[in-house]
Amino acid sequence: MSSAESGASSAVVDPSGGANQARVRVYNERLVLSLVRWHGSLSKADIARRSGLSAQTVTVIMRQLEADGLLLKGEPVRGKVGQPSTPMRLNPEGAFAIGLKVDRRASEMYLMDFAGTVRQSRRVGYAFPTPGRIMDFVADTLPDLVSFVPTRRRDRLAGLGVAIPFELWEWEQQLGAEPGSMEEWRDLDLAAELSTATDLPIYIQNDCTAACGAELLFGRGSAHTSYAYFHIGYFVGGGIVLDNALWPGLTGNAGALGTVRVEGEGGRMVPLLDCASLHLLEDAAMEAGWEPQDLWSGERDWEDLGPVLNAWVARASHHLAQACLSVCSVVDFPAVMIDGTMPPAIRTRIVQATTKAVEALDQSGISPFRIEEGSLGAEAQGRGAASLPLMGRYLIDSGVLFRNQS
C-alpha cells in the first residue's frame with residue numbers, strides 16, 4: 001500500500017508549534033532527510049547514531065520516505081560481521097524547486113531537483129531591473145521550467161524561491177538608470193506580485209545571503225563549521241555561516257559585508273562595495289570599448305581586458321584583504337570564502353591576490369584563517385533561491401544536524 005493510500009504520507013507540514021505526535025513525526029522526517037542530504041548517503045545505523053532516534057523509529061521513517069519517493073536505496077555494504085548495511089540517498093526526483101535570481105544587469109531562473117542539480121535554466125539581460133521586466137520574465141519562463149518536471153512529480157514542486165538585492169531603488173545612479181525609474185521597488189510587495197503569476201509558495205531572501213546558503217548546502221562550505229563569505233557581483237556582498245548554519249540575522253541582512261569600511265583614497269574610509277564590486281570593472285571595460293552586457297553574457301573572455309582587468313584585481317584584492325581582517329577581528333572565522341559572478345580563473349586570481357595582500361597586513365590579535373574559493377560562481381544566488389522552498393518544505397536548519405552528536 002502506498003503512503004498516500006495508508007494515510008501515513010510524509011507530505012511535509014509545518015512542524016512548528018506544540019509537540020503533538022504529528023509534528024514530532026514531521027520533524028523527525030525532516031531531520032532524517034537533512035542528515036542524508038548533508039552527508040550524501042547514510043545507513044539506518046548512521047542515522048540513528050547521528051539523530052539520537054531509536055533504530056526502530058529510524059526504520060519506520062526511512063521506509064515511509066522511501067515509499068514516498070524521497071529516498072533511494074544504495075548498494076548494500078558488507079562488513080566483517082552481521083547483516084550488510086544499506087545506505088540511503090536523496091531521490092533527485094523526490095522534489096523540485098524553482099529559483100529566481102534578480103541581479104542588477106540580468107535575471108535567471110533555475111529548475112533544481114532534490115539533490116541540488118540544476119535541470120534547466122533561463123536568463124534575460126537588461127540595462128536595469130524593474131518590477132515589470134521581472135514579472136514578464138517570470139510569466140514567460142515559469143511555465144516552461146515547470147514543463148520539465150515529470151507529470152507524476154508536479155505535486156512535489158516545493159515552491160518559488162527568490163534571491164534579490166534589498167533596496168534596489170537606492171542604486172539608480174550606479175546602474176545608469178533614469179532618476180525615479182526604479183522607485184516602484186520601494187513599495188512593491190514582491191511576494192504578492194509573484195502570487196498573481198503562480199500558486200506556488202513564495203520564499204524571498206537577500207541575494208548574497210542566498211548565495212552563502214547555497215555554498216553551505218551544495219558547495220565547499222560544508223568543509224567548515226563557520227566562515228565568512230564574500231560574493232563579488234555587480235556589487236560585492238556577503239553572508240555568514242556560524243556553527244554549520246546560515247545566519248541571516250533579524251532583518252535577513254546579516255553578513256552584508258559589502259558595507260564593511262576599508263581605507264580608500266587619501267585615507268578616507270569607504271564601503272568595500274565602492275572598491276571591489278564588478279560595476280567598477282564594467283565601467284573600465286566600457287571605457288576600453290566593451291558593451292555593458294559583455295561582462296555578464298559569458299560570450300567574451302575577461303582576460304582580453306588585459307591591464308584593465310589586472311588593475312581591478314589588484315584594487316579589489318587589496319580592499320578585500322582589509323575587509324577580511326575586519327570581519328575576522330569580530331568573529332574568529334577559521335575560513336573566508338570568496339566567490340562571485342565571474343569566470344573561475346578570475347576567481348582564482350582574486351583569492352590568490354587577496355591571500356597575498358592579507359599576509360602583508362598586520363594580523364596581531366586575529367586568529368589565523370584561510371582564504372578559499374567558493375565553488376558555485378554565477379549559479380550561487382539562483383541555486384540558493386531554489387534551495388529556499390526545499391528547506392521550507394522538506395529540510396531543517398543545518399545547524400541542528402551537528403548538535404548533541406557523538
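Reader: In what order do the strands of the open sheet run?
Author: This is a predicted model. Its open sheet has five strands, ordered 5-4-3-6-7. The pairing is mixed.

Reader: Which ones are the edge strands?
Author: Strand 5 (118-125) and strand 7 (202-206). Each of them pairs on one side only.

Reader: And how much are neighbouring strands turned against each other?
Author: On average by 15°, direction ignored.

Reader: In which sense do strand 3 and strand 6 pair?
Author: Parallel, over five bridges. Strand 3 covers residues 96-102, and strand 6 covers residues 157-164.

Reader: Which residue in strand 6 does Lys101 stand opposite?
Author: Ala163.

Reader: OK, helices now. Which strands does helix 8 touch?
Author: Helix 8 (residues 207-218) packs on the sheet and touches strand 4 (106-113), strand 6 and strand 7. Its direction makes about 100° with that of strand 7.

Reader: What about helix 12?
Author: Helix 12 (residues 380-394) packs on the sheet too, touching strands 3, 4, 5, 6 and 7. The angle between its direction and that of strand 6 is about 140°.

Reader: New topic: Glu215. Where is it found?
Author: In helix 8.

Reader: Is Glu215 buried or exposed, and why?
Author: Buried, because its relative accessibility is 0%. The cut-off for buried is under 20%.

Reader: What does Glu215 touch?
Author: Leaving out residues up to four places away in sequence, its contacts include Arg220, Tyr227, Tyr229, Met337 and Asp339. Gly374, Ser375 and Leu376 are also among them.

Reader: And how far apart are Glu215 and Val358?
Author: Their C-alpha atoms are separated by 23 Å. Along the chain, the two are 143 residues apart.

Technical notes
Residues are numbered from 1 along each chain as its sequence is written. This is a predicted model: local features need pLDDT of at least 70, side-chain atom pairs count only at pLDDT 80 or more; totals for chains, interfaces and linings use all residues. Side-chain values use heavy atoms; hydrogens and water are left out. Two strands pair if DSSP finds at least two bridges between them. Helices (H or I, at least four residues) and strands (E, at least two) are DSSP runs, numbered from the N terminus. Axes are lines fitted to C-alpha atoms, for helices over the stretch in contact, and angles run from 0 to 180 degrees between N-to-C directions. Contact means heavy atoms within 4.5 Å. Buried means under 20% relative accessible area, exposed over 50%, partly exposed in between (1.4 Å probe, protein chains only).
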